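Look at the sequence and the model below.

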Amino acid sequence: MKKNHMLALVLSLSLLAGCQTAAPTGTPAAGHEDDMVYRTIGVTRDTPLLTVDGAEISAEKTLFWLTQGVESWLTGAGISLEDDWTQPYGSTGMTIAEAIKADALSTTKFYQIIENKALEVGVVPTAEEEQALTDALTKAIEQSGGEETFQQSLDQMCISRAGFEELNRVSYLYELLQTKLAADGTFGDGYTMEDFLAEYGIYAAKHILISTRRINADGTGYEDFSDEEKAEAKAKADDLRAQLAAAGDSATLFDELMNEYSEDGRDSSGNLYFPQGYTYVYSADKVTSYDQVAMVPEFEEGAKALKVGEISQPIQTDYGYHIILRIDVDTAGQAAADMLSAQSEKWMTMAKVETTPAYDELDVKEFYRKLQTLREELAPQETPQPSAEPSPAN
C-alpha cells in the first residue's frame, strides 16, 4: 500500500523565532492576551473549527497543523509570501492556498482518526509510555532553555502545552493500535489479517540459491555462467534437494544447507543477509512503494505453489537455481504495520469531516502573515525539537 508521510507521527517542530517583521499594532481583546489563536483569527484556542466523525478539533490543533503546513510549503515547494497564492498549483485543480490548507486538513484529520479509533477499540498508553512522553517533553524543555522559552516556542505555533502533549500522544496510540492488530489480527471491523495477506498476495519463504552468474570483473554488473558451469550448478542444487528428501524434507537440515551453501548474499563475516528467510514478500503486481519486497515471477510462482513447510524442487531464474521452503508470514512485524497503514487510508477515505464557517473563511496567507507579526513580540530563542520517541516507520 501507499506509504503516507502522515504516518511519521513524531512531532518535529521548526519553530520560527525573531521573525523580521513589524511589531503588531492594536490591543488584543481583554482576557486573550496570551491566546495566539485568538490574536490571529479572532476565536479562542478551544473553539472547534472542524469535526472528524463527530469528534471536535480545536482551533489550536487546526492552526498548529496549518502553521506546520505553511512552513513546509515555504521551505520545500518553492513558494514565498510574495507569490500570489490564489494562482493554480500544478495540476491539483486547487490554488496554492487551497493546496496548503488541504494538506494541513489531511494531517489534522489523520491524527483525529487515530485518536477516534484508539478510543473505539479501548487502546490507551501504558504508564511507562506516559512517562516516556513526559521525559521526552522534559528533555525538550531543558534543551530549549527552560519552561518560559519552551512556552514561547509553543505560542509561536499556536499550540498550548496541553494541546502539544495530546498531539505527541498520538504516536503512542498508533503504536498501540499496531500492537493490538498484531495480537488480535483484526480491529473487529470484519477485516482480518488473513484478508489483508490475501488481498496483497503476501507470503514468506526461505531459499537456497545456487547462482548461475558472477559479478563482472569491473564490478558494474553480472555475467552468466557458461553452459558447463550452469550444468554444475544444477547438479549441485539437485544434490542438495536429494539430501533434503532423504532427511524427510527436514526444515532443520534446510537451514543448515542454506547457511552453508546458499549464494544469496553474505556480509563481511560470511553470514547470510537473510538467515530467517524472506518473512514478508508481496506479490509483484501488488507492490506500490520502493520498500515493499517482491520476487521474480518464477520464484513467486514456485513459492506460492507450496504449502507452509513444503520444499520445492530446484527452480531456475536469472539468478540461478532456488530450493524454496515456504514459511509462515511474520504477522507481528511488518505485516501489522502495513495492514494498519492500509486501514488508516481506508479510514481517511471514509471519515466524515465537517468544517465551521470560521474555518472555511480562514485565509491561509493572511493568517500566516499575522502570525509572523505576532511572533515578533516573543524574544528570539533557540528552536526546540520536541518529539515523542516511539514512532511508526515509513
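Predicted model: local features only at pLDDT ≥ 70, side-chain atom pairs only at ≥ 80, totals over all residues.

Residues are numbered from 1 along each chain as its sequence is written, and side-chain values use heavy atoms, with hydrogens and water left out.

A search of the whole structure finds 11 aromatic pairs. Rings of Phe, Tyr and Trp (its six-membered ring) pair if their centres lie within 6.5 Å; planes under 30 degrees apart count as stacked, over 60 as edge-to-face and the rest as tilted.

| Pair | Centres apart | Angle of planes | Class |
|---|---|---|---|
| Phe110 and Tyr111 | 6.3 Å | 75° | edge-to-face |
| Phe110 and Tyr174 | 6.3 Å | 40° | tilted |

The second pair links distant parts of the chain, with Phe110 in helix H3 (residues 96-121) and Tyr174 in helix H6 (residues 161-184), 64 residues apart. Helices (H or I, at least four residues) are DSSP runs, numbered from the N terminus. Phe110 and Tyr111 are buried, and Tyr174 is buried too. Buried means under 20% relative accessible area (1.4 Å probe, protein chains only). One aromatic cluster is formed by Phe64, Trp65, Phe110, Tyr111 and Tyr174.

Helix H5 (residues 147-156) is mostly covered, with seven of its 10 residues buried. Among them are Phe150 and Leu154. Just after H5, Cys158 has a positive phi of about 65°.

Terms used:
Buried < 20%, exposed > 50% of the residue type's maximum accessible area, 1.4 Å probe, protein only. Helix = DSSP H or I, 4+ residues; strand = E, 2+ residues; numbered from the N terminus.
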